[in-house]
Structures are given as C-alpha cells and as structure tokens.
Amino acid sequence: MSLNAFIQSIPKAELHMHLEGAIEPALMLELADRNGVSLPWQSEAQIKEAYRFTDLQSFLDLFYQGCKLLITREDFHDLTRAYYQRAHRDGIVHAEVFLSLQSHLTRGIALDTILDGVLSAIDDAARTDQISGGLLIGIQRHRPEDDAIALLERLHPWRDRIAGFGLGGAERGNPPAKFARFFARCKELGYRTTAHAGEEGPAEYVRDTVHILKVHRIDHGNAAMNDPELVRELAASKIPFTVCPLSNLKLNVVASLESHPLRAMLEAGLHVTVNSDDPAFFGGYLNENLIACADALELDVNHLHRLAHNSLTAAFMPAAQRDSHLRQLDAVTASYRAN
Ligand SMILES: Nc1ncnc2[nH]cnc12
Ligand SMILES: [Zn+2]
C-alpha cells in the first residue's frame, strides 16, 4: 500500500472546516441559478480563476460574497450534505463544521431555516454513511461582542444540537480579549469552545486565547512557534491545534508548504491536527492537505498516525466512540507497517 493509500484508509476526524468555505464552483452556479442571484462569473473556470488571495481579508471578502447564495433550507442542506459525502469518501469518520450564522442572520434568513437545513444534513450523514458530525457556531470577530452574546442566548433552544462555539474572521485588529465576556458566558452554559489565533496575528494572540478565553482548542496557532516558552507551555497542556496547511499557503501565511511549521509543531510535542479550513477555495480537502504535507515535509507513517490519532482525541466526541475509532486506526496502521 502506498503512503497516499494509507492516508485515505485511516479513520480520522476533521475539526476545522467552514461550511461556507465548501461551496464548490459548480454548486455556486447552481445556487445562483436556483435563487436568481447574479454572479460576476459565468463558468467554474472563471470562478476558480478568481481564487487568488493576497491575505486573509482578500479571501474573507469573497467568502462573505458566497454566503449570499445561501437562502433556503435546501441550500443549507445541500451544501452540508455535499461536504459530508466528500468527507466520507476521504475516510473521515467524524467532522465538526463551522457555520457563520451571523452572515446569514444579518441578511434576514431565519434561524430555523439555516439550522434545520444544516442539522438535517448532518443527521443524513450519520444515518447513511455512519459519519458523525458536530455543528460549531463560528462567531465573527469583526462584529461587536454584544451581538455574539445575544446570539448565544438566542441559540438556547438548540443547545443539545450545538457541539461548540468558535471565533473566526479578521484577526488583525480584533484581539482575543475583545471576546472575554462571550467566552466566559459559553463556559457558564457548558459549551465547548475554539478560537482562530496566530493565523495572521502574533504569538501573543495565541497566549491570550488560551489564558483569557480558556478555549478547548486553538484553530491554526502557527504563530505560537515564534515563542518557545509558549510552545513548551502548550505542549505540556496538550491543547489541540487545528492546523490548515493549504489554507496557510493560499493566504500567504507561509511562503511554501516546505516552510510550513506543521512538522516542527509535531516535533515540539504540540497536539497538532490537519484540516482543510475552506476546501473549495484553497484547492484541497483533508486528504489533499495530508498528502501535500507528507510530500513537502517528508512525513512518514508515524507522523500520519499521530495526526489521525490527535484528530480523534481532540474531537468533541463520546469516549467510547473515540476509542473504537482509535482501535481501528491502530489496526490499519499495524497492517500497513507489516506490509
Ligand atoms: N481561515 C480563516 N480564518 C479566519 N476566519 C475564517 N473564516 C473562514 N475561513 C477563515
Ligand atoms: Zn478557519
């Protein structure tokens, strides 16, 4: 079995993927047609041509444009279902997905419409493909903290269907401390939390995200590597990092995949996982991220086993289910090593 086939065959979790970042060009055209929304592009090739980003903000501008195509329950359902079908083909056994609710609510789309569409597709995936899912509500950090708190309270009736809350959007100029009250309230209500940190922001943002927001996971976290003392602390605490290599490449967070910190993060003892972030925009789903990193960073079976193991233990998943996937992972890895 080749290393790429091994990557395909191991059970793994994806923990950092924005649903609106999974709108493939073909679906974009279909949604525009279905909803009578005009697009500046006529073909899939033209859409792909537009995906040249200079930084995070240049990408977010397009990401928010794409959000406007999502209007009906079916739109949210079809997008979510398409992602889970693709995840299942990649050998993903559990996927937690971010939803940028505020982008849809502020356009006047009803909360019921959005959540029914997404949650029904997550249920379909569990029933049809035995892939478990989790919905993470992604708060946008350029908006006021009070809006996030109001949304948190409004979501109370769905509390049993929400796996956790995250924080994304433009990092520079929106430091973690801006959301201290929001994350304290999440904690009071018993929610799991994650936050993007150290993607474009400095190591200090990663430290504050852990110390002030007290999140369960860090999304990205690359900049932590600029602070050796922080790395030692985060390695000891075993806090998971959801790293997104192809995203980092496309948004110029790294100059090349060869210079990506993923391998150094693993070797420093950080609890690193690999994820696709916005796969339709960045040219790769989870396996493509893993394969590209294996190539560029010369990862071997031990690294890849560790990454899959980390993804399963970092997931917001019941222990019995996690342990069953871990046993399967060890069995597949042992058989690969034996051949
Ligand atoms: N890579 C990213 N960083 C911050 N916010 C995002 N929203 C969608 N993708 C994102
Ligand atoms: Zn992200």
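Thr333 is located in helix α17, which spans residues 319–338; helices here are DSSP runs of H or I with at least four residues, strands are runs of E with at least two, and both are numbered from the N terminus. The model is predicted, so that local features need pLDDT of at least 70 and side-chain atom pairs count only at pLDDT 80 or more, while totals for chains, interfaces and linings use all residues. Residues are numbered from 1 along each chain as its sequence is written, chains are lettered from A and ligands numbered from 1 in the order in which they are written, and side-chain values use heavy atoms, with hydrogens and water left out.

Thr333 counts as buried because its relative accessibility is 1%; buried means under 20% relative accessible area, exposed over 50%, and partly exposed in between, with a 1.4 Å probe and protein chains only. Its contacts, leaving aside neighbours within four places in sequence, are Phe6, Ile10, Val301 and His305, where contact means heavy atoms within 4.5 Å. A separation of 9.3 Å is found between the C-alpha atoms of Thr333 and Ser9, which are 324 residues apart along the chain.

Asn289, in helix α15, is also a buried residue, because its relative accessible area is 0%. Not counting residues up to four places away in sequence, Asn289 touches Cys244, Pro245, Leu246, Val274, Asn275, Ser276 and Gly284.

Two cavities of 30 Å³ or more are present in the structure. On a 1 Å grid over the protein atoms alone, a cavity is a set of points where a 1.4 Å probe fits but cannot get out, a pocket is an open set with protein on both sides within 12 Å along at least five of seven lines, and lining residues have an atom within 4 Å of a point. Grid points are joined across faces, edges and corners, and a volume is the space filled by probe spheres set on the points.

The volume of the largest cavity is about 180 Å³. His18, Leu60, Gly168, Gly169 and His196 are the closest to its centre among the 19 lining residues. At least two lining residues each come from α4 (56–67), β3 (132–140) and β4 (164–168), and α4 gives the most, with five. The lining of the largest cavity comprises eight nonpolar, eight polar and three charged residues; Ala, Val, Leu, Ile, Met, Phe, Trp, Tyr, Cys and Pro count as nonpolar, Asp, Glu, Lys and Arg as charged, and the others, Gly among them, as polar.

For the second largest cavity the volume is about 50 Å³. Its lining is formed by Lys12, Ala13, Val274, Leu286, Leu290, Leu307, Ala308 and Ser311. Two or more of these residues come from each of β1 (12–14), α15 (286–297) and α16 (301–314), and α16 gives the most, with three. Six of the lining residues are nonpolar, one is polar and one is charged.

The largest pocket contains about 160 Å³ of space and is lined by Ala22, Glu24, Leu27, Leu79, Ala82, Tyr83, Arg86, Arg89 and Tyr285. Helix α5 (residues 73–89) gives the most to this lining, with five residues. The lining of the largest pocket has six nonpolar, no polar and three charged residues.

Positive phi values were also examined. Most residues other than glycine have a negative phi. Lys214, in the loop between α10 (203–211) and β6 (217–220), has a positive phi near 55°. Glu298, in the loop between α15 and α16, has a positive phi of about 55°. Lys214 is partly exposed, with a relative accessible area of 49%, whereas Glu298 is exposed, at 64%.
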